[in-house]
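Subject: Handover of a structure and notes on what it contains

Dear colleague,

I am passing the structure below on to you, together with the notes I made while going through it.

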Amino acid sequence: MDKKRPAPVIEGTLRKKMLHVPEVIRECSGIIIFGKRIKSLVFSTDLSIIRNVNADAVMAVYAFTPQPVIIDALLMAADIPVFAGVGGGLTRGERAVSLALEAEHQGAIGVVLNAPTANETIVTIKEKIDIPIVVSVVADFDDIDARVEAGTTIFNVSAAADTPRIVRKIREKYPDFPIIATGGPTEESIRETIQAGANAITWTPPSNAEIFKGTMVKYRSEPH
């Protein structure tokens, strides 16, 4: 039997410079959504980063009140699937439901609800949309059982250094439940999160300012 051939690599001259998620993320199982296997998610709403990263999907959650125009812009510009943040903290109840419907209609692969989201809101959104509902877990006091009963499709564990332990705790009770988790800053921390039971990993890229800083240093050192 022939050995498996390595995948050919094609790079453009102008788009050769791009961000790569840590290779260790490929060790996780991934989550198959509508036929697409997703292992890596880039945590960003910066369109220049989203268009220049090799992640499988985007985790588009931000600290401000979600707005349809932001969701629309991200979905129009991204060339990979987008999980769109629709609130649940400051943005509660009917507004979160409306934003979830808007996100589905515009083409999001899933919606993301913040940790304070009421279970009643999850129930209502579950009744109205046909894409995954991702609910964030940030601490031990989150009632996982109630979230599952309300209709959560995927957990998004984001608990800083405590993430692997909480992932492990969920996995022990729900062996097959889909889990996305933040991987931390190193290959070792990412691998620990995967081994704890995460199916997919969210990666935080360097900021646009950090990336451009290196380019500017190069420009300043070269004659023009």
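Two strands are taken to pair if DSSP finds at least two bridges between them, and the helices (H or I, at least four residues) and strands (E, at least two) are themselves DSSP runs, numbered from the N terminus. This is a predicted model, in which local features need pLDDT of at least 70 and side-chain atom pairs count only at pLDDT 80 or more, while totals for chains, interfaces and linings use all residues. Residues are numbered from 1 along each chain as its sequence is written, and side-chain values use heavy atoms, with hydrogens and water left out.

Strand 3 (residues 40–43) and strand 4 (residues 57–60) are joined by three bridges in the parallel sense, with valine 42 standing opposite valine 58 in strand 4. Three bridges also link strand 6 to strand 7, again in the parallel sense, and here valine 112 faces valine 134 in strand 7. Strand 7 (residues 133–137) and strand 8 run parallel and are joined by four bridges, and serine 136 has asparagine 156 as its bridge partner in strand 8.

For burial I use relative accessible area, where buried means under 20%, exposed over 50%, and partly exposed in between (1.4 Å probe, protein chains only). Five of the five residues of strand 7 are buried: Ile133, Val135 and Val137 point one way, and Val134 and Ser136 the other way. Strand 8 (residues 154–157) is likewise covered on both faces, with Ile154 and Asn156 buried on one side and Phe155 and Val157 buried on the other.

Next come the helices. Angles run from 0 to 180 degrees between N-to-C directions, and axes are lines fitted to C-alpha atoms, for helices over the stretch in contact; contact means heavy atoms within 4.5 Å. Helix 3 (residues 93–106) packs against helix 4 (residues 119–128) at an angle of about 30°, with the axes 10 Å apart. Helix 3 is therefore roughly parallel to helix 4, a term kept for angles under 35 degrees. Gly93, Ala96, Val97, Ala100, Leu101 and Glu104 in helix 3 meet Thr121, Thr124, Ile125 and Lys128 in helix 4.

Most residues other than glycine have a negative phi. Phenylalanine 34, in the loop between strand 1 (31–33) and strand 2 (36–38), has a positive phi near 50°, and it is exposed, with a relative accessible area of 52%. Alanine 160, in the loop between strand 8 and helix 6 (163–173), has a positive phi of about 55° and also counts as exposed, at 66% relative accessibility.

Finally, glutamate 187 belongs to helix 7 (residues 187–196) and is partly exposed, with a relative accessible area of 41%. Glutamate 187 and glycine 89 are separated by 98 residues in sequence and by 31 Å in space, C-alpha to C-alpha.

With best regards

Terms used:
Parallel < 35°, antiparallel > 145°, perpendicular 65-115°, else oblique.
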